[in-house]
Amino acid sequence: MTLTAPVITRTAAAARAADVWKVYGSGEAQVVALRDVSVELERGRFTAIMGPSGSGKSTLMHCLAGLDAVTRGDVFVGDTKVTGLSDAGLTKLRREKVGFIFQQFNLLPTLTAEENILLPLAIAGRKPDRAWFQTVIDTVGLGDRLGHRPSQLSGGQQQRVACARALVSRPEVIFADEPTGNLDSRAGNEILTFLRRSVIEYGQTIVMVTHDANAASYADRVVFLADGRIVSSLDDPTADTVLDMLKAAAG
Amino acid sequence: MLRATLKSLLARKVRLVLSGLAVLLGVMFVSGSFVLTDAIGRSFDNMFSSALAETDVLVTAKPAIEVSEMEGEPVPGLLTAADLRRVQEIAPSAIGEISVDGARVIGSDGKVVTTYGPPRMGGNWTGEVGGLRLHEGVAPQKADEIVVNAALAKKAGIKVGDQVGVLTTKPKQTFKLVGIFGYEGGLDSRGPVDEVRFTDAVAQELMLGAEGYTSITVNSDKSPAALRDELKAGLGDRYVVQTGEEAAAAMANSFKAVLDVMNKILLGFAGVALFVGTFLILNTFSIIVAQRTKELALARALGAGRGQMIGSVLVEAVVIGLVASVLGLAAGVGVGALLAAYFANFTSLQLAGIAVPAAAVISAFTVGIVITVIAALLPAVRASRVPPVAALQEVATPDRPLTKLTAAGAIVTAAGGGAIAYGLRQQSLWFLMGGVLAAFVGVALLSPFVARPAVAMLGRLFSWSVPGKLGRLNSGRNPRRTAITAAALMVGIALVTGVNTIMTSAERSMRGDVAATFKADLVISGQESPGVQPTFDPVLLPRMQQVSGVDSVVATYADQIAVNGKPAYAQVQTDLPTVARLVSATTVAGTIAQPGPGEVVVDDNRGHALGDTVTVRSAKGTEKTYRVIGIFADTNLFGGYQFGADAIEGMRGGQPTFAYVDLADSADPAAARTALEGLLADSPEMRVQNQKEYIDNQTGEVAQFLLMVQVLLGLAMLIAVLGVVNTLALSVLERTREIGLLRAIGLGRMATMRMITVEAVVITVFGALLGLAVGVGLGSAVVEGLADEGLKELVLPWQQMGLYLGVGAVVGVLAAILPAIRAARTNVLGAIAYE
């Protein structure tokens, strides 16, 4: 078991949390979800966040992505300080620096796959880079499905559309929340392979929350949470080392 | 099960409020109408019975001309001096009274005091009897003395000692105001009625044009009933003999017929509002059932039967209907009381207390609950068909095909169209209304089929922006929901458009006729003056003739008559051939010459043949026979019975009410007009108008009528707006995740609001277009059906239609405000975080 103290190297971080506390409720009903968490997510790396239920892994991701406000401490995405941003600032952040992949795919049923993929750019009023768009859909292998609506696609295909949607705007960080949670293992592995490839080939930064050791094994680094604290981290994990670490953490 | 239903109901307060509100507004309208008419009715009861409280028996003559209630006031019969003497032989205290509508006081500002409807009575002062009390001054003794009631004196700004001009059936005469009177109980007026009282002889000359009385009041120490029976036996059947109570009841009854019509009109509009409300409730329940699919399926999986499922939805409907009825009834009582107070204030009526008539309560609950339950029936059945397995699957309600719905819609629309056509041909209002109702339902059923392409087309307008495009796609997403929401708006807009189309066509047809056939350069006519035909002095005619530039002046005398027992209007032209030329009348038979004594010229719509003899009873009650010497073609401009000068003596007043003025080609119209206006200085209600003004004036009422219809249908529109709010609110709720996602990938708050607004506007503009189409359809059907009645051309009110479309769009924007704010406030994290 290797306990690594977080090293702060400002320029390399795509997103970082500094002394973050997240407290829900007050008085007797008070729940501390994050206790003084500091973490740095290196640019161009695939980081997995793991931990048992209630460990605060989703909360950490939500705070990092600016979806949830922290109680204390600071969150940065790239050079932008997320803490204290107005709604307009958050909107700008989401348009320019952050991409999301959800467990529930969350595609718009009224739009075709292509329209769904291009939606973030359309919302931001940016012209898609056709070459990059082509690269992305080649990577996720959706070439012949672009005109289909989500209801005509399988779960795996829908999640590939969601991946493409996250990739197409080349965000600073992509946050993936249990992206394989709703897929069978084959489709799940496909998705994880794409994510891995986009990190290696295009230098995309990805942060993934998962409780699946196999999924975590695709990451460059795994950060383990328990009781709202970072308890350990593991570089270049395999499914076995992750499982060992989980057992150790539980024990 | 009941408990679960109630809990789920409480958990969804917003939807409870919104769908309840529609019912509430409709119920409010219904019960408010009843409360209002009840309060006014009882107030008039009180007024009539207090007016006759000191009268034991009232003797009147049978009406000279009987007229049904819808056609106007009957011409009252006259009692002669001999009649009064006969009554006095039986009861010496009998007093002959004169009281006739049409005494117009000219106020201190030189303007005629008007009442906007209620009568302005002229009569004789009979002393402080019948509840009259002299407040100041003395009774009129000389021919140039009058007394007026206190409220009138105040309105006119006149006081005892003033010289006051009064218009009656005769031209303006000036009197000295010697007294001001009021009524038992310290009242300044009896309701909205103004009263001028002269001496007996003057009242007879000015108000009746004959020596006689309109009623005889009898008091004695006998019981009223005994006195009545005695008088009846002694007088014979030419007289109506009633006790004071009976007479008051009879007066109140004839008045109630008017109130009844008013109530029916208001209820008609309430019906439209409730019909629209039905769409809203149906839609709300459909959405709720769709949203609760999982919950319902779970209940089925746990063993709930189909009946229980239907019951659960219906119980929800009953609860909403009940709550809305109670609140609607309360609001209706409030609104009714408010309007009654306003009415009483406006008409200085002593308002009887506000009561809640049983009809209001019964109709409120019946209408409120029945309508809600009927509207919820369809969604309830759908709820019972949710398969238990749906509890276990991701919600994916397949789009059910619209074939059946569309076919049903086509059939219902066709049936409605047929009923409308039949109703128009048979002049059956019931078929017409039923047809319109069926047409609305039919079009509502057809609208989902139309919705998709229509919404796609409309949405193009907004597709330039991403939020616009998303909004457009959302509104096309569920064609049934979009369609039914739009259909609610359709009803109101279709009705105003239809009425407007008919009115515009009628107006245009009339204008067309006039432009083609009306050749008089100027007309002299009376201003609208309720209950009275303004007149001018015939001695002016020769002087008008001498005005420079005037070629000819033809005066018209008019009054009611009965021809062979049927009510009609008599006209006397001082020069019929000239009028015939000025209105381009065409001769059908005989000649259109000036009728001599005992001769009449008539239009071809009255069923008379040349040489026929007709019996004419004049307004003064005299009978005479006339021979038809000429028949001309009836037009919008000119028709009816044209008599010679011998008929004038049978007319009350016997003054001209209208004149055609033909100018020489070389004349200066403005100068001639000024000169004529100068001559009419003593007849302030008469005015000189050119052709255009005259026609504008004739059609002016159309605009007012339309305005009223639009205001009353505003309630239906309001309910339709609630429907749009409801649909949007529920859609926003349903799509929380989606909106959260859009926010997560960078859609700003304003853009989110814009998306919802576009969705709303697309729905309402679709509804407005549908309404315009249906309205034009209904309107042209009626115009087509009434082609024989003089509606020659179909004219669409484009300007108004544009306005309604604009209203539709604005309504959409307004309806979107709250749902849009709600959507913009969507908590991104809460929306997308699973579980």
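Predicted model: local features only at pLDDT ≥ 70, side-chain atom pairs only at ≥ 80, totals over all residues.
**Stop 1: where chain A meets chain B**

Show both chains and select the residues that touch across the interface. There, 22 residues of chain A are in contact with 22 residues of chain B. The area buried between chain A and chain B is about 2100 Å², and carbon and sulfur atoms give 67% of that area. For one of them, select Glu115(A) and Lys469(B), whose closest N and O atoms are 2.8 Å apart. On the chain A side, helix 2 (87-96) and helix 3 (113-124) each supply at least two residues that touch chain B. Helix 3 of chain A gives the largest share of that side, 5 residues.

**Stop 2**

Next, select Arg45(A) and Asp235(A), which form a salt bridge at 3.4 Å, N to O. These two residues are 190 apart in the chain: Arg45(A) sits in the loop between strand 2 (31-42) and strand 3 (46-50), and Asp235(A) in strand 10 (residues 229-235). Arg45(A) is partly exposed at 23% relative accessibility, and Asp235(A) is partly exposed at 45%.

**Stop 3: two salt bridges within chain B**

Select Asp194(B) and Lys155(B), a salt bridge with its closest N and O atoms 3.1 Å apart. Asp194(B) belongs to strand 10 (residues 194-198) of chain B and Lys155(B) to helix 4 (residues 150-156), 39 residues apart. Asp194(B) is buried, with a relative accessible area of 4%, whereas Lys155(B) is partly exposed at 44%.

Then move to Asp260(B) and Lys264(B), which form a salt bridge at 3.3 Å, N to O. Both lie in helix 7 (residues 244-291) of chain B, 4 residues apart, about one turn of the helix. An α-helix has 3.6 residues a turn, so residues three or four places apart point the same way. Asp260(B) is partly exposed at 38% relative accessibility, and Lys264(B) is exposed at 56%.

**Stop 4: helix 21 of chain B**

Finally, select residues 798-824 of chain B, which make up helix 21. From first C-alpha to last, this helix of 27 residues reaches 38 Å, close to the expected 39 Å. Look at Ile817(B) for a kink of about 45°, shortly before Pro819(B). Buried residues of helix 21 include Met801(B), Tyr804(B), Gly808(B) and Pro819(B). To see what the buried residues pack against, show helix 14 (479-517), helix 18 (691-734), helix 19 (736-744) and helix 20 (749-785) of chain B.

Definitions and conventions. Residues numbered from 1 in each chain as written. Chains lettered and ligands numbered in written order. Heavy atoms only, no water. Expected span 1.5 Å × (residues − 1). Bend = angle between axes of the 7 residues up to and from the residue. Buried < 20%, exposed > 50% of the residue type's maximum accessible area, 1.4 Å probe, protein only. Contact = heavy atoms within 4.5 Å. Buried area = accessible area lost by both parts, 1.4 Å probe. Salt bridge = Lys/Arg side-chain N within 4 Å of Asp/Glu carboxyl O.
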